[in-house]
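I have one structure to go through today.

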Amino acid sequence: GKIYPRRIEFEYKSSNFKQHGHNPDECDIIVCWEHDWADCPGNIFVLELKSEIANYIEQSDKTANVNK
C-alpha cells in the first residue's frame with residue numbers, strides 16, 4: 001500500500017488543540033487522552049487513548065475468559 005503523510009498533534013485533551021491556537025486546516029489527527037472537544041472540525045480524526053485502552057482491556061479480558 002501507499003504511505004500518505006499525516007499531520008498529527010498530541011494533546012492531553014482534544015480541546016487543548018483549539019486553546020493553543022492551532023490551525024485545524026494544518027492537522028489530520030489529534031491523539032489525546034480525553035476527547036472533550038464537542039465541535040471539533042470534521043476534517044480532524046481524533047484518537048482518544050483512554051477509550052482505546054479501555055477497549056483493549058475489555059477485549060483482552062474476553063479473550064482470556066474464552067481461553068480458560
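V31 counts as buried because its relative accessibility is 12%, where buried means under 20% relative accessible area, exposed over 50% and partly exposed in between, with a 1.4 Å probe and protein chains only. Before going on, the basis: this is a predicted model, in which local features need pLDDT of at least 70, side-chain atom pairs count only at pLDDT 80 or more, and totals for chains, interfaces and linings use all residues. Residues are numbered from 1 along each chain as its sequence is written, and side-chain values use heavy atoms, with hydrogens and water left out.

What is V31 in contact with, leaving aside its neighbours within four places in sequence? The list is I8, E9, F10, E11, L47 and L49, with contact meaning heavy atoms within 4.5 Å. V46 lies 15 residues from V31 in sequence, and the C-alpha to C-alpha distance is 6.0 Å.

V31 sits in strand β2; strands here are DSSP runs of E, at least two residues, numbered from the N terminus. Strands pair if DSSP finds at least two bridges between them. β2, residues 29–34, runs parallel to β1, residues 8–13, through 5 bridges, and I8 stands opposite I29. β2 and β3, residues 45–48, also run parallel, joined by 4 bridges; there I30 has V46 as its bridge partner.

Put together, this is an open sheet of 3 strands in the order β1-β2-β3, with parallel pairing. β1 and β3 are the edge strands, each pairing on one side only.
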